[in-house]
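Hi,

Here is the structure I promised to pass on. Have a look at it first, and then read my notes below.

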Amino acid sequence: MKIFRRFFTIINWQTLVIAALSVASTALCIRYKFEAEFPLTLVATAVIFPIVFSIGGAYKRREAALKEYAAIKGYLRAIYLVSRDWLDKPKPENAGKMKNIIHDLFTNVRTLFVSPIEDLPKNEEAVYTDFSKISKYIKHELREEGLSSGECSRTNQYLQKMMISFESMKHIYQYRTPKTLRAFSSFFIKIMPIVYGPYFAFKAESMSWGLEYVIPVLLTMILVSLENIQEHLENPFDQVGEDDIVFNVEKFVDNLNR
């Protein structure tokens with residue numbers, strides 16, 4: 001079921017390992033009476049604030065990528081409609097040619113963003129080859145077939161804006177939220193439930209038997225889940241998380257004539 005798949009995207013082996021270590025730390029502290037009342041503000045300062053900041057930054061990056069993705073689709077559709085509707089006597093094969101170029105471009109864009117970043121130079125070259133094909137199409141199939149220079153200029157502006165949107169998406173793909181901040185929060189997420197063993201042992205005196213181990217497990221689940229959410233949002237193109245951007249190339253191309 002979908003709800004269980006989503007659950008296991010944020011609860012993984014790392015959650016189990018850290019939870020087991022935090023329970024072991026708590027059990028040892030209870031046995032040897034090693035107790036201390038640590039302030040919980042340390043958790044908020046060292047973990048909650050940095051990870052929530054990172055999640056907010058990653059979410060904004062995803063929303064920006066969605067905006068540019070929508071712009072690319074809009075400009076591609078606009079150029080296709082120019083090739084189909086703006087000429088007095090359009091050649092049927094020209095619209096089909098434009099459709100094939102759009103399919104190749106969109107496919108190469110998808111390949112670039114879902115591939116490892118090491119493949120960027122090769123994949124980027126394929127995308128700009130398709131941009132060049134659109135530019136030549138505007139010059140030959142549109143202008144030489146009777147489209148006015150002003151309308152050709154406007155169509156070329158669609159291409160220019162589409163390339164700007166592509167570059168914006170590419171930068172989101174290349175750059176992440178601050179690595180040092182993520183490393184800082186990740187370090188404390190892993191050690192905080194274990195270090196807080198003396199605090200859990202101190203609180204165990206006022207709890208029924210067995211409940212003293214619920215708090216370290218819950219704390220671990222909360223902190224590690226937040227880190228996993230941030231990691232899934234970090235790259236909105238990798239097709240791993242539930243909130244990734246999906247490139248529906250075939251559906252988009254099939255809907256061009258509608």
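One term before the rest: a crossing is left-handed if the near helix is turned anticlockwise from the far one by less than a right angle, and right-handed if clockwise. By that rule, H3 passes H6 in a left-handed crossing.

Some housekeeping. This is a predicted model, in which local features need pLDDT of at least 70 and side-chain atom pairs count only at pLDDT 80 or more, while totals for chains, interfaces and linings use all residues. Residues are numbered from 1 along each chain as its sequence is written, and side-chain values use heavy atoms, with hydrogens and water left out.

**Overall picture**

The protein has 10 helices and 0 strands; helices (H or I, at least four residues) and strands (E, at least two) are DSSP runs, numbered from the N terminus. The radius of gyration is 27 Å, well over the 18 Å that the globule rule gives for 258 residues, so the protein is more spread out than a compact globule. That radius is taken over C-alpha atoms, and the globule rule is 2.2 Å times the number of residues to the power 0.38. Along its principal axes, the C-alpha trace spans about 90 × 35 × 25 Å.

Of the 258 residues, 39% count as buried (buried is under 20% relative accessible area, exposed over 50%, partly exposed in between, with a 1.4 Å probe and protein chains only). Among contacts with a separation of 6 or more, 83% join residues 24 or more positions apart (a contact is heavy atoms within 4.5 Å).

**H3 and its two partners**

Two packed helices are described by the angle between their axes and the distance between the axes. Here axes are lines fitted to C-alpha atoms, for helices over the stretch in contact, and angles run from 0 to 180 degrees between N-to-C directions.

Back to H3 (residues 41–85) and H6 (residues 149–174): their axes come within 9 Å and cross at roughly 155°. That makes H3 roughly antiparallel to H6 (angles under 35 degrees count as roughly parallel, over 145 as roughly antiparallel, 65 to 115 as roughly perpendicular and the rest as oblique). The H3 side of the contact includes Tyr-69, Ile-72 and Leu-76, and the H6 side includes Leu-159, Met-162 and Phe-166. By class, the contact residues are 16 nonpolar, 3 polar and 3 charged (Ala, Val, Leu, Ile, Met, Phe, Trp, Tyr, Cys and Pro are nonpolar, Asp, Glu, Lys and Arg charged, and the others, Gly among them, polar).

H3 also packs on H7 (residues 179–195), at an angle of about 135° with the axes 9 Å apart. These two helices are therefore oblique to each other, and their crossing is left-handed. Val-43, Val-47 and Phe-53 are among the H3 residues that meet H7, whose side includes Leu-181, Phe-184 and Phe-188.

**Single residues**

Val-253 is in H10 (residues 249–254) and counts as buried at 6% relative accessibility. Leaving aside neighbours within four places in sequence, Val-253 is in contact with Lys-99 and His-103.

Two loop residues other than glycine have a positive phi:

- Lys-33, in the loop between H2 (13–31) and H3, has phi near 55° and counts as exposed at 64% relative accessibility.
- Gln-239, in the loop between H9 (214–234) and H10, has phi near 60° and counts as partly exposed at 38%.

Cheers
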